[in-house]
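Open the model in your viewer and keep the selection tool at hand. Each stop below says what to select and what is there.

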Amino acid sequence: MNPRGWCPSLYEPMESGDGLLLRVKPAAARITAAQARILAREAARYGNGAIDLTQRGNLQPRGFSQETARLFAKAMVEAGLAHADPTVERGRNLLAPPLLGWDDGIAPGTEALIEALTEAMAHWPPLPAKFGVLVDGGGLLPLASESSDVRLLCRAGRVDIRLGGGDAMALCTPEQAVEAATRLARHFAGLAPARRMHQAVAQHGAPAILAAAGLSPLVDDGPLPPAPHVAGVLAQRVLGVVAPFGQVTAAQLEGLANLAERAGDGTLRLTPWRALLLPGVTAAEEAARLGLITVMEDPRLRVVACTGRPGCASAHADTRAAAQWLAHRLPPRLALLHVSGCAKGCAHPGTAPATLVGTDGGFTLIRGGRAADAPASAPLTLEQTLAVLDPT
Ligand code: SF4
């Protein structure tokens, strides 16, 4: 088993219930249709063809052996989707605006900052595997809802710097931003045992960490807004396609690549919202025919499910199959159902109006709580669960 806190990379696959999984991190949230086809083909050839969309805007194909993972990694480097140096690849954790280069509302200089920061990050000291940086530029789909260890927001003539958690921020010029982020990363590297910035902030305070990196802290207590809705044809001629329960198949990815090439700008954009964006595509029918979510009314958007069986060795249930069955039968007033394969609740750490937790005897139901909370029921079948959720 992988140790707690482990995070897979392309060269360091993670053991799971359906074999090894690994992570592909497209640069600047963008993958060309040709690269997507290669990734889909190799994921089906060497893995089991299931590909998770992660909340860091990465692609996570599954079902590899040690040998096929190695062959897949080689193919990704050849396709220009990964760095050949495993150390550099491990640290390539930069979340970028998904519509970079398409959305004119993104602040000028955002793309240049991402390029310069990517280059600088290759020389940062070794950091915990989950440590990441977010660069936002506003526009149609800002990344304001997303947390990160270091967050940079490009504005006209300035960059706002925030940390993961805390009530302070700092400002710098665009020319100073790479150096400022580098100083923060170097300072954080000396703050062990903190593995994420929010832990360091809880211990030392955001003002002290910013000041130690040579920045002048300012008060900032703005909460993160909710994530945007991205299913369907959006403004600026962009099609948003949400992956049901966070996963696509290789065939679906290949179908989207063909659509992007034929009707769009030839790229697919990665988001932290378990969705892909296709700039220039203005019709949703083809993506819907692939089984993907293209309307906000799709009932699958009201169900969150973790990997479950067979992908997770800890799971007591096939969560995605249960979620799929329940999604089309849910009572209309239920805003969110969380289906978890065990009490860990990976897919939704927060509370939900209803949470189902897999056990060896069925699902237990928790109302208004988290997966780890005490259940309100003995284990139920799916039909019994539905009868409890919708007694009418
Ligand atoms: S919640 Fe449990 S079953 Fe689901 S992915 Fe996490 S560990 Fe696995």
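How are α1 and α8 oriented to each other: roughly parallel or roughly antiparallel? Before answering, note that this is a predicted model.

**Stop 1: two helices**

Select helix α1 (residues 33–46) and helix α8 (residues 250–263). Their axes come within 8 Å and cross at roughly 165 degrees. Angles over 145 degrees count as roughly antiparallel, so α1 and α8 are roughly antiparallel to each other. The crossing of the pair is left-handed.

Now show the side chains where the helices meet. From α1, pick Ala33, Ala36, Arg37, Leu39, Ala40 and Ala44. They meet Ala250, Leu253, Glu254, Ala257, Asn258 and Glu261 in α8. By class, this contact has 8 nonpolar, 1 polar and 3 charged residues.

**Stop 2: a glutamate in α1**

Stay on helix α1 and select glutamate 42. Is glutamate 42 buried or exposed? Its relative accessible area is 5%, and buried means under 20%, so glutamate 42 is buried. Leave aside residues up to four places away in sequence, and glutamate 42 touches Gly47, Phe72, Ala75 and Met76.

**Stop 3: salt bridges**

The count for the model comes to 20 salt bridges. Visit three of them, then a network.

Start with glutamate 111 and arginine 30. Their closest N and O atoms are 2.9 Å apart in a salt bridge. This pair links distant parts of the chain: glutamate 111 lies in helix α4 (residues 110–121), and arginine 30 in strand β3 (residues 30–32), 81 residues apart. Glutamate 111 is partly exposed, at a relative accessible area of 30%. Arginine 30 is partly exposed too, at 24%.

Next, select aspartate 52 and arginine 320. Their side chains meet in a salt bridge at 3.9 Å, N to O. Aspartate 52 sits in strand β4 (residues 50–53), and arginine 320 in helix α10 (residues 319–327).

Go on to helix α5 (residues 177–189), which holds arginine 183 and glutamate 179. They are 4 residues apart, about one turn of the helix. Their side chains form a salt bridge at 3.7 Å, N to O. Arginine 183 has a relative accessible area of 32% and is partly exposed. Glutamate 179 is also partly exposed, with 43%.

Then select Arg155, Arg158, Asp160, Arg162 and Asp220 together. Salt bridges that share partners join these residues into one network.

**Stop 4: two cis peptide bonds**

Zoom to the bond from alanine 192 to proline 193. This peptide bond is cis, with omega near 10 degrees. Proline 193 is in the loop between α5 and α6 (197–204).

Move to the bond from arginine 309 to proline 310. It is cis as well, with omega near 0 degrees. Look for proline 310 in the loop between β17 (303–305) and α10.

**Stop 5: positive phi**

Select alanine 29, in the loop between β2 (19–21) and β3. Alanine 29 is not a glycine, yet its phi is positive, about 60 degrees. At 5% relative accessibility, alanine 29 counts as buried.

Finish at glutamine 236, in the loop between β12 (232–234) and β13 (238–242).

Conventions:
Residues numbered from 1 in each chain as written. Predicted model: local features only at pLDDT ≥ 70, side-chain atom pairs only at ≥ 80, totals over all residues. Heavy atoms only, no water. Salt bridge = Lys/Arg side-chain N within 4 Å of Asp/Glu carboxyl O. Buried < 20%, exposed > 50% of the residue type's maximum accessible area, 1.4 Å probe, protein only. Axes fitted to C-alpha atoms, helices over the stretch in contact; angles between N-to-C directions. Parallel < 35°, antiparallel > 145°, perpendicular 65-115°, else oblique. Left-handed = near helix turned anticlockwise from the far one by under 90°. Contact = heavy atoms within 4.5 Å. Nonpolar A, V, L, I, M, F, W, Y, C, P; charged D, E, K, R; others polar.
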